[in-house]
Amino acid sequence: MLGGIEELEVNPSPNRGMTPRIFEFLFARIRAEEEIRRDERLIYNCKCSFLEIYNEQISDLLDPSSTNLMLREDIKKGVYVENLSEFEVQTVGDILQLLSQGSANRKVAATNMNRESSRSHSVFTCVIESRWEKDSTTNFRFARLNLVDLAGSERQKTSGAEGERLKEAANINKSLSTLGHVIMVLVDVAHGRPRHIPYRDSRLTFLLQDSLGGNSKTMIIANVSPSICCASETLNTLKFAQRAKLIQNNAVINEDSSRDVVSLQHQIRLLKEELSALKHEKVSRSLSFGPTIERDARNKDEDGHSERMSETDHRGNLLIKAPEGVLRMSCKQLKSLEATLAGAIRREQMAGTSIKRLEAEIELLNRLVSQREEDTRCTKMMLKFREDKIQRMESLLGGFTSADAYLLEENREFSEEIQLLRARVDRNPEVTRFAVENIRLQEQVRRFQDFYEEGERDMLLAEVSELRNQAAVHTNEENNSLHVELKRTMCELEETRSKLENNAMLKGEIHELNTSLNAIEYATQEHDSSPEFLK
């Protein structure tokens, strides 16, 4: 599988194996795709793992301490190996380094047939993920490449296996026979005979069940020997490959296409919440603010008993002064709110149109699938007609059928074949696919025209400018109110400070008066207690 890999990136060897060639092509394709779709921000990510199945036990070849790993099955991930190490790779050299490291840890031993005989099956897995952005949505696509190196089947008589080697050969032959049985059952299922597929009879078949009969494309390379002594093994290997070729898998791309629908649903929910908030504030196109709005401040005194009055703020905008509990705003604010509401309604309508377009596209794709199935049915009928024709020609050559009967049957078959061809032309899936692509392109052109030619861009820019003006106005109002509040607070602080100073002065005077009063009382007591006063 590896071949000559020395100095592969500097001077590729013509003797390099299939694995280096596979990954050379893979990374060249990845670089070309990223260059072509640079505007979509296409990013690829590759992760690799390497394991072996030795005596029906799974080991991590990139971490020799991880042995006897367990197989798990998940709805989203499928069948996977628990606690298997994965390494991210960027170049072919990274992959070859992992392959060399894992191959050095693989179980090999000498037998009579091979000096370095593989005693285990190895599976090298490369998971490729891609992400790109298109129409404001992020798309995700992934694939898994499994490179499986199967250990060859052995006969104890020719290999001379004994002891541990014999046990290894028994496990190898058991897993290979299970693999052959699974392939035979899959062939029966492909021919319309429902049967139970025994994937779980072996670790190898359980791990590779998606590659054998799932959403995959599988290639098997059969290694045979030209030696006459290996004729029996060569024949069995070719029969095994022939049976595997009869398996029919319908592979589809693993792509997460639900993100578009989720994004649109989220956008619709936000727009509905915005519309509900505006309706809750009683702001709509049908708002009315009383029968009369007076524009002259001098008419205030004359119309003091009217239900609603008008005043002018510091910016010169006309304000609507309504009774308590009724909305109060300027005409300019009302117009900006109406423009915002109109933009929200327009965006909701656009989202609804996009949903309808996606539903119509899904319906067309379903129709395309049904046409594909019809085309497959027509092809099978054509093949049946060809087989019947071969049988009739053989009967004619063998003298079992007359020439007139042959011609009549041939004419009838040609008529049915012409009808099938006409139906196939009328319901050609390629025409439907081109129609779907045409509708998609027309929708994109229409959106671009709406955006540039019919003023959608100007309307959005006007809305953004209006929102910026509103933000600036609100900021100025907040600043002015804060300045006024600050001035009022400073005045109150000065008044409080002066009052505190007066209070301190009063306290000093009271203290002096108390001292004087105490001195007078003391002098009075001294005078009353003197001898002259007593006489």
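1. Let's start with where α4 and α7 touch. In this predicted model, the α4 side of the contact consists of L179, G180, I183, M184 and V187, and the α7 side of F240, R243 and A244. Contact here stands for heavy atoms within 4.5 Å. Sorted by class, six of these residues are nonpolar, one is polar and one is charged. For the classes, nonpolar covers Ala, Val, Leu, Ile, Met, Phe, Trp, Tyr, Cys and Pro, charged covers Asp, Glu, Lys and Arg, and polar covers the others, Gly included.

2. Now the geometry of that pair. Two packed helices are described by the angle between their axes and the distance between the axes. Helix α4 spans residues 164-190 and helix α7 spans residues 231-245; they pack at about 35 degrees, with 8 Å between their axes. An axis is a line fitted to C-alpha atoms, for helices over the stretch in contact, and the angle, from 0 to 180 degrees, is taken between N-to-C directions. The crossing of α4 and α7 is left-handed (near helix turned anticlockwise from the far one by less than a right angle; clockwise would be right-handed).

3. The crossing of α1 and α2 is right-handed. On the α1 side, T19, P20, F23, E24 and F27 make the contact, while α2 brings V92, I95, L96 and L99. By class, that contact has seven nonpolar residues, one polar and one charged.

4. For the whole chain, the count is 13 helices and twelve strands. Among the chain's contacts with a separation of 6 or more, 61% are between residues 24 or more positions apart.

5. V79 sits in strand β4 (residues 78-81) and is buried, at 9% relative accessible area. F206 is 127 residues from V79 in sequence, yet their C-alpha atoms are 7.6 Å apart. Leaving out residues up to four places away, V79 touches L71, R72 and E73, plus F206, L207, Q209 and D210.

6. Which residues does Q209 contact beyond its neighbours within four places in sequence? V79 is one of them, along with E73, Y199 and G214. Q209 belongs to helix α6 (residues 209-213) and is buried, with a relative accessible area of 12%.

7. S130 lies in β8 (residues 121-134) and counts as buried at 5% relative accessibility. Beyond four places in sequence, S130 touches L42, I43 and Y44, as well as N139, F140 and R141. S118, in β7 (residues 117-118), is partly exposed at 23%. The C-alpha of S118 is 6.4 Å from that of K107, eleven residues away in sequence. With residues up to four places away set aside, S118 touches R106, K107, V108, A151 and I172.

8. Check two backbone angles while you have the model open. E56 is not a glycine, but its phi is positive, at about 60 degrees; E56 falls in the loop between β1 (43-54) and β2 (57-60). N68 also has a positive phi in a residue other than glycine, near 50 degrees. The loop between β2 and β3 (71-74) holds N68, which is partly exposed with a relative accessible area of 43%.

9. Residue numbers start from 1 along each chain as its sequence is written, and side-chain values use heavy atoms, leaving out hydrogens and water. As the model is predicted, local features need pLDDT of at least 70 and side-chain atom pairs count only at pLDDT 80 or more, whereas totals for chains, interfaces and linings use all residues.

Notes. Helix = DSSP H or I, 4+ residues; strand = E, 2+ residues; numbered from the N terminus. Buried < 20%, exposed > 50% of the residue type's maximum accessible area, 1.4 Å probe, protein only.
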